[in-house]
Amino acid sequence: MSDACFRMQTRLITGCCFVLFSKRQQALDAIKALHGKHVMPGMQNSVQISFAKGEEERMDAKLFVGMLSKSQTEEDVRQMFVDFGEVEEVYLMKEKGSNTSKGCAFVKFGMKDEAIKAIERLNGKVTMPGNTQSLIVKWADPPKTRNEEQGRGNGMSSRGGGDRDMGGMGGMMAQQLMQQGMMKGMSNMGGSSLSMFGDGPMGGMGGMGSM
């Protein structure tokens, strides 16, 4: 599903749109295949595609799992979570010297509501063989980015950095914010939203014109 951005006064397409995917991985595949690579007919610059503002946070579905049995493999951990949804990735933490399990892992789901179900069903309610404490299942702490560290030193977070949040898309943020209502309505339908920009007005899924 897609929806184009219009100028409020003229209702002309401004050259950007939002595209809604049903799964996060589909959105990631689209970014990988098209961002900075595909040029729309009649355009000079390649399209710029990213998650719509706030979408990555909404879709973040990575969990930390602690108090696992040290004999459990990544596949064992995966099987513990498949009943709650699509498990995209499992990373079992291991000791550097012996390569044995530390008894903890990271599990990544395709959708946030799937991760929420896993937390509700497993956290503090299951004890693995060989352990005396119950399983810990909680949200993983997001890694700090360089911009966040610099922002912290300047007394502000990277999210307060305005246009820099988009990682090179600069002034496009202003136009994206103008379409926040449209994006919110699409996100409420579920799935994962992308914002798509080019370099000039055109019909359909287009490039981005000047503001």
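Tutor: Gladly! Keep in mind that this is a predicted model. Let's begin with the sheet itself, an open one of 4 strands in the order E5-E6-E4-E7, with antiparallel pairing. E5 and strand E7 (136-139) are at the edges, and each has a single partner strand, so one side of each is left without a neighbour in the sheet. On average, neighbouring strands here are turned by 20 degrees against each other, if direction is ignored.

Now look at how individual strands are joined. E4 and E7 run antiparallel and are linked by 4 bridges. You can find Val 65 standing opposite Val 137, which belongs to E7. E5 and E6 also pair in the antiparallel sense, over 6 bridges. For an example, pick out Leu 92, whose bridge partner in E6 is Ala 105. E5 and E6 form a hairpin with 6 residues between the strands, and there Asn 99 takes a positive phi near 65 degrees.

H4 lies across E4, E6 and E7, and runs at about 150 degrees to E7.

What do these pieces build together? The largest nonpolar core has 21 residues, and those with the most contacts inside it are Leu 68, Val 77, Phe 81, Val 107, Phe 109, Leu 135 and Val 137. At least two residues of this core come from each of strand E4 (62-66), helix H3 (74-81), strand E5 (87-94), strand E6 (101-109) and helix H4 (112-122). The largest share, 4 residues, is supplied by H4.

Leaving aside its neighbours within four places in sequence, Phe 109 is in contact with residues including Ala 61, Leu 63, Phe 81, Val 87, Glu 114 and Ala 118. Apart from this core lies another, of 7 residues, among them Ala 27, Met 40, Met 43 and Phe 51.

Then move on to Met 111, in the loop between E6 and H4. Is Met 111 buried or exposed? With a relative accessible area of 18%, Met 111 is under the 20% limit and therefore counts as buried. Met 111 and Ala 61 are 50 residues apart in sequence, yet their C-alpha atoms are 6.0 Å apart in space.

Let's return to H3 for its charged side chains. The structure holds 1 salt bridge, and the side chains that meet in it are those of Glu 75 and Arg 78, at 4.0 Å from N to O. Both residues lie in helix H3, 3 residues apart, which is about one turn of the helix. Glu 75 counts as partly exposed at 45% relative accessibility, and Arg 78 is also partly exposed, with a relative accessible area of 25%.

Finally, a word on the cysteines. Cys 17 is buried, at 2% relative accessible area, and Cys 104 is buried too, at 13%. The count of disulfides comes to 0.

Methods. Residues are numbered from 1 along each chain as its sequence is written. This is a predicted model: local features need pLDDT of at least 70, side-chain atom pairs count only at pLDDT 80 or more; totals for chains, interfaces and linings use all residues. Side-chain values use heavy atoms; hydrogens and water are left out. A disulfide is a pair of cysteine sulfur atoms within 2.5 Å. Buried means under 20% relative accessible area, exposed over 50%, partly exposed in between (1.4 Å probe, protein chains only). A nonpolar core is a set of buried Ala, Val, Leu, Ile, Met, Phe, Trp, Tyr and Cys residues joined through side-chain atoms within 4.5 Å. Contact means heavy atoms within 4.5 Å. Two strands pair if DSSP finds at least two bridges between them. Axes are lines fitted to C-alpha atoms, for helices over the stretch in contact, and angles run from 0 to 180 degrees between N-to-C directions.
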